Amino acid sequence: MIESSNRILSGYCIEHAPSAMYYIPNFITGEEEAAIMRSIPPTRWVSLSNRRLQALPARLTATNTLVASTPLPAWLTEPVVGRIHDLGVFADAPHGINHCLINEYLPGQGIMPHEDGPAYHPVTATVSLGGTTVLSVTDKRHGEGAEPNGSGEVANPEPKTYRFIQEPRSLLLITGAAYRDTLHGIADVTEDVDLRTETVANWKLLGDKSAIATGGGRSERRTRISLTFRDVKKVSSIGSKIFGKAKG
Ligand SMILES: O=C(O)CCC(=O)C(=O)O
Ligand SMILES: [Fe+2]
């Protein structure tokens, strides 16, 4: 990460969260949000039981390889991917952002706790569109070596779960140890409750906490689309050769 970018990013570092996570509210404008939502191909969705998703430019193969005949589409690269690269978080990544998973959640839908895993360089950049949600992050190493320490206390007690509000148009970055050592998920509820400075890790960084605060710490779920940008480590150019567009 180059130093000037580091300085920009440090203002958005989420304190009291696994190291290192960043939250930037209003990372894109309302017009940019609307343009992206209009550009998402309506025919590429794959429906799962609790959400629908699509992968661009392609789904990974069984060996976690990206085989694609085209790069990410222009409506994602301009302005979003370029703006994320400008932050410097992908400076150490082998290719830079080459993949985007698009998830759509209706009110009451979520995603089970999981890790994004070793197929990707350990940085996930999530841009949220439409509705507000709450991401839960838990240290997955909990329980390892959880033995009484002699005084009857458990050395590695109950894992702490951190909650992060993701507002529409925001960017959330999960990097380093936070990427490798935690599980993240979204509860399948129609409303998030008890949202306040003590229970939300990124409360101070929110763009608009007034609506939640005046609403008694509640946030109703609306349809939300997330764009998760990553660098897939294994890339094959076979796709471009098959389609006759080999560029090496
Ligand atoms: O929708 C989100 O913010 C999280 C999505 C996610 O965890 C994933 O795509 O791996
Ligand atoms: Fe994930």
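In this predicted model, the residues near ligand 1 are Leu 101, Asn 103, Ile 111, Asp 116, Thr 126, Leu 135, Gln 166, His 184, Ser 226 and Thr 228, where near means that the C-beta atom, placed from the backbone, lies within 6 Å of the molecule. Strands E5 and E14 are the elements that give two or more residues to this shell, strands (E, at least two residues) and helices (H or I, at least four) being DSSP runs numbered from the N terminus.

Conventions
- Residues are numbered from 1 along each chain as its sequence is written, while chains are lettered from A and ligands numbered from 1 in the order in which they are written.
- Because the model is predicted, local features need pLDDT of at least 70 and side-chain atom pairs count only at pLDDT 80 or more, whereas totals for chains, interfaces and linings use all residues.

Ligand shell
- The shell around ligand 1 divides into 3 nonpolar, 6 polar and 1 charged residues, with Ala, Val, Leu, Ile, Met, Phe, Trp, Tyr, Cys and Pro counted as nonpolar, Asp, Glu, Lys and Arg as charged, and the others, Gly among them, as polar.

Strand pairing
- Strand E5 (residues 99-105) pairs in the antiparallel sense with E3 (residues 52-56) over 5 bridges, pairing requiring at least two DSSP bridges between the strands, and Leu 101 in E5 stands opposite Ala 55.
- E5 also runs antiparallel to E14 (residues 224-230), to which 7 bridges join it, and Ile 102 has Leu 227 in E14 as its bridge partner.

Overall fold
- The protein chain has 6 helices and 15 strands.
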